[in-house]
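Please look over the sequence and structure before reading on.

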Amino acid sequence: MDERDAAAELQKMVNGFQVSQAICVAATLGIADHLKDGKRTSGELAALTNTNTEALYRLLRALASVGVFHEAEDRFFSLTPVGGALRSDVQHSVAPWAILAGRPYFRQAWSDLLHSVSTGENAFRHTHGKGVWEYRAEHPEESVIFDRAMTAMSRGVAAAVIAAYDFRPFSVVMDVAGGQGALLAEILRRNPGQRGILFDQPQVVAKAGPVFDAAGVSDRCDIVAGDFFVSVPDGADAIVLKWILHDWDDETNIRILKTCRRAIRPEGKLLVLESILAPPNEGAGAKFGDLNMLVMPGGQERTAEEFRSLLAASDFRVANIVEAGPHISIIEAEPV
């Protein structure tokens, strides 16, 4: 690559935030859902979304230039395979995450990345004067958007996790900080006769009922509210922690893991579902995810060895690590 091409490539990366924000707006407006049955003009879409006709056309043509939509004659637009992932009704929908990533409070925290890099401190707390969990508790509308994003992402990885790991030996599976139960509902649906426990904060699990109803497993799952820093319910022979440990520093994680250690059966398994950092010059997704942890909750992504050390400090031994997909691995640990 010559110097001019290298500069053009870097310029494209620098301007990546523009593409991201445009996708966020399209997701918020539900453009992909309006196009799922066929092409429409930008004017029709503007009427459906109550937006400015000319400004919406400018958004759509820009996104068509990067392959999210396809523009035909007379300002007709249709979905591409990439844009199809913005539909709300597909298994791997990216729309809820796109909406979350475009929220002003989210972007404002990322604008303070330099503060984090300079000091090692959490950018979100520096920007907003409080931690992200406290902020969302005070802004319930943002918690709703966050919960939707986590539920959508859970649905996206559930099939991959279940395909990669055999949950059949367990009689009771507990998902700690399992949100609204998307992953646990799928595990139970695939394993008839198995029981589940969903454990999370009261305001989160209050919305879980419809998820288990839709999966047809409500009669096999107990929904329990509480605080994993204090205790988690007894009675499970498999405890799942999905995308939890990356939110916190090591000291805080040891507190969480030790509450799980007290609750787990002697022969039980702890299943930590996280991204694992790749060797140098590889794995951009997890490494930029690690920056997001630095900026937003103040946590971090980890290498396999860092997970082994963290679990050993919490009286667990890593028995196996299973890759379940490009963004998640299953770290199987046993109590010692």
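Which residues of α13 are buried? The model is predicted, and in it the buried residues of α13 are Ala182, Leu183, Leu184, Ala185, Glu186, Ile187 and Leu188. That makes seven of the nine residues in this helix, which spans residues 182-190 and is mostly covered.

**Annotated domain**
- An unreviewed UniProt entry places the feature "domain: O-methyltransferase C-terminal" at residues 110-316.

- In soluble globular proteins, nonpolar side chains tend to be buried together.
- The largest nonpolar core here contains 29 residues, and Phe167, Phe212, Leu271, Leu273 and Ile330 have the most contacts inside it.
- At least two residues of this core come from each of α12 (140-164), α13, α15 (209-215), β7 (238-242), β8 (269-274), β9 and β10.
- Helix α13 supplies the largest share of this core, five residues.
- Another core, of 28 residues, lies apart from it and includes Phe228, Ala263, Phe307 and Ala333.

**Contacts of Phe167**
- Leaving aside residues up to four places away in sequence, Phe167 touches Val161, Ile162, Val173, Ile187, Asn191, Gln194, Val240 and Leu271.

**Strand pair β9 and β10**
- Strands β9 (residues 316-325) and β10 (residues 328-335) run antiparallel and are joined by eight bridges.
- The two strands form a hairpin, with two residues between them.
- Within this pair, Glu323 stands opposite Ser329 of β10.

Definitions and conventions
Residues are numbered from 1 along each chain as its sequence is written. This is a predicted model: local features need pLDDT of at least 70, side-chain atom pairs count only at pLDDT 80 or more; totals for chains, interfaces and linings use all residues. Side-chain values use heavy atoms; hydrogens and water are left out. UniProt positions are given in the numbering used here, feature names are shortened, and annotations may be inferred rather than shown by experiment. Two strands pair if DSSP finds at least two bridges between them. Helices (H or I, at least four residues) and strands (E, at least two) are DSSP runs, numbered from the N terminus. Buried means under 20% relative accessible area, exposed over 50%, partly exposed in between (1.4 Å probe, protein chains only). A nonpolar core is a set of buried Ala, Val, Leu, Ile, Met, Phe, Trp, Tyr and Cys residues joined through side-chain atoms within 4.5 Å. Contact means heavy atoms within 4.5 Å.
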